[in-house]
Every structure is written in structure tokens, then in C-alpha cells.
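Please read them with the coordinates open.

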Amino acid sequence: PYMALDVAHAAGRWGHVIFPENTQAAALELSRRLLSAEGPGAGWASRVFFTDNGSTATEVALKMAFRRAMRLQRGAAEGADGADGEQRHMWSVVGLTDSYHGDTIGAMDASSPSVFNLRENWYSGERGVWFEPPTLSMRRGRWELDLSPELQ
């Protein structure tokens, strides 16, 4: 009964979990703490993004990474994000074979061909470079890292 009461209280207090162009006090306080000089974002993060699921988090992380890479490649000039009609570049994801990142189009497209995305007519499998994951194991009391041939 305590969990149900807490959920009801939270639903009545905050209403909705997404934050498009709005926020609430708890999220603002958490953001300040994350970005403070003592927080985990100190020295490298300037913004906080909240999401309610992993697919959306993956989708936004890809967009942020691609935008940053484009700005680094082209410089910080006006319109460096391609919004002004500049030629757009296709970016690739480096990932692990048989990975799964969620059900949004971007998250599925950033995964190697699998049962999760091969049945989708839009999936090309050309969005990334896929590697077999390394294996870490304990052998005779010592840790050993085994790399796939393409990573060696």
C-alpha cells in the first residue's frame, strides 16, 4: 500500500514525466546538483537531459554525439549543425555485434543486424561498424581479456 500511495502522490504532484519545454522543481534541483562544481558533470557537462526510457535516451545520445562530431569537424561556425542547408554527412556508429538499444528508429538503426531490426523495411544495416564484444575471464587466478580478431 505504501508504494501505491507514493505513486499516487508523485502523479498528483508532477503530472507527467517528459519535459518538452517545461520542468519542475525537483528536476531543476537535480540538474543543478549534477552540474555543480562537486557534481559528476563538473568540468565537462553543461546541460542535463531527462528521459523516461532507454530508447529515447539512446536516440538523444546519438543525436548529441553526431551534432558534436559535426561541429568539431566543421568548426564552431554559424550553421555548423547543417540546419542552413549545408551538405549533410552520414555518420556511423561503432558498436558491438548483437547489441540492442531500444525500439526507436535511431536506436534500432544503431544496432547490428538482428531479429529486432531485420524485419523492418527501413533498416539497412549500414549505419555502423560492428565488432564482437571482448570477453573478460578469470583463468588460473588471473584476469584475461580476449579480443575478437577484428579488434586485435
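1. The lining of the largest cavity consists of four nonpolar residues, six polar ones and no charged ones. This is a predicted model, and the points below should be read as describing that prediction. The residues concerned are S99, Y100, H101, G102, A107, M108, S111, S114, F116 and N117. The volume of the largest cavity is about 40 Å³, and the structure has one cavity of 30 Å³ or more.

2. Two members of that lining, Y100 and F116, also meet as an aromatic pair. Their ring centres are 4.6 Å apart and their planes stand at 50 degrees, so the pair is classed as tilted. The limits behind that label are under 30 degrees for stacked and over 60 for edge-to-face, with the rest counted as tilted.

3. Where do Y100 and F116 lie? Y100 is in the loop between β1 (93-96) and α4 (105-109), while F116 is in the loop between α4 and β2 (128-131). The pair therefore ties together parts that are 16 residues apart in sequence. Y100 is partly exposed, at a relative accessible area of 40%, and F116 is likewise partly exposed, at 46%.

4. The count of aromatic pairs is two. Besides Y100 and F116, W122 and Y123 form a pair, which is edge-to-face, with 6.2 Å from centre to centre and 80 degrees between the planes. The centre-to-centre value falls within the 6.5 Å limit for a pair. W122 is partly exposed, with a relative accessible area of 31%, whereas Y123 is buried, with 11%.

5. Both W122 and Y123 are in contact with D109. What else does D109 touch, leaving aside its neighbours within four places in sequence? S124, R127 and W130 complete the set. D109 belongs to helix α4. Is D109 buried or exposed? Its relative accessibility is 18%, so D109 counts as buried, the cut-off for that class being under 20%.

6. The largest pocket is a separate item to inspect. Its volume is about 740 Å³. The lining of this pocket comprises 22 residues, and those nearest its centre are S46, R47, V48, F49 and M64. By type, the lining of the largest pocket splits into 13 nonpolar, four polar and five charged residues.

7. Which helix gives the most to the lining of the largest pocket? It is α3, with six residues. Helices α2 (25-35) and α3 (54-74) each contribute at least two residues to that lining.

8. For the protein as a whole, the secondary structure amounts to four helices and four strands. Their order along the sequence is α-α-α-β-α-β-β-β. In this order α4 sits between β1 and the strands that follow, and the loops on either side of α4 are the ones that hold Y100 and F116.

9. Of the 152 residues in the protein, 22% are buried; D109 and Y123 are among them. Among contacts with a separation of 6 or more, 32% involve residues 24 or more positions apart.

Notes: Residues numbered from 1 in each chain as written. Predicted model: local features only at pLDDT ≥ 70, side-chain atom pairs only at ≥ 80, totals over all residues. Heavy atoms only, no water. Phe/Tyr/Trp six-rings, centres within 6.5 Å; stacked < 30°, edge-to-face > 60°. Buried < 20%, exposed > 50% of the residue type's maximum accessible area, 1.4 Å probe, protein only. 1 Å grid on protein atoms, 1.4 Å probe; cavity = no way out; pocket = protein on both sides within 12 Å on 5 of 7 lines; lining within 4 Å. Points joined across faces, edges and corners; volume = space filled by probe spheres on them. Nonpolar A, V, L, I, M, F, W, Y, C, P; charged D, E, K, R; others polar. Contact = heavy atoms within 4.5 Å.
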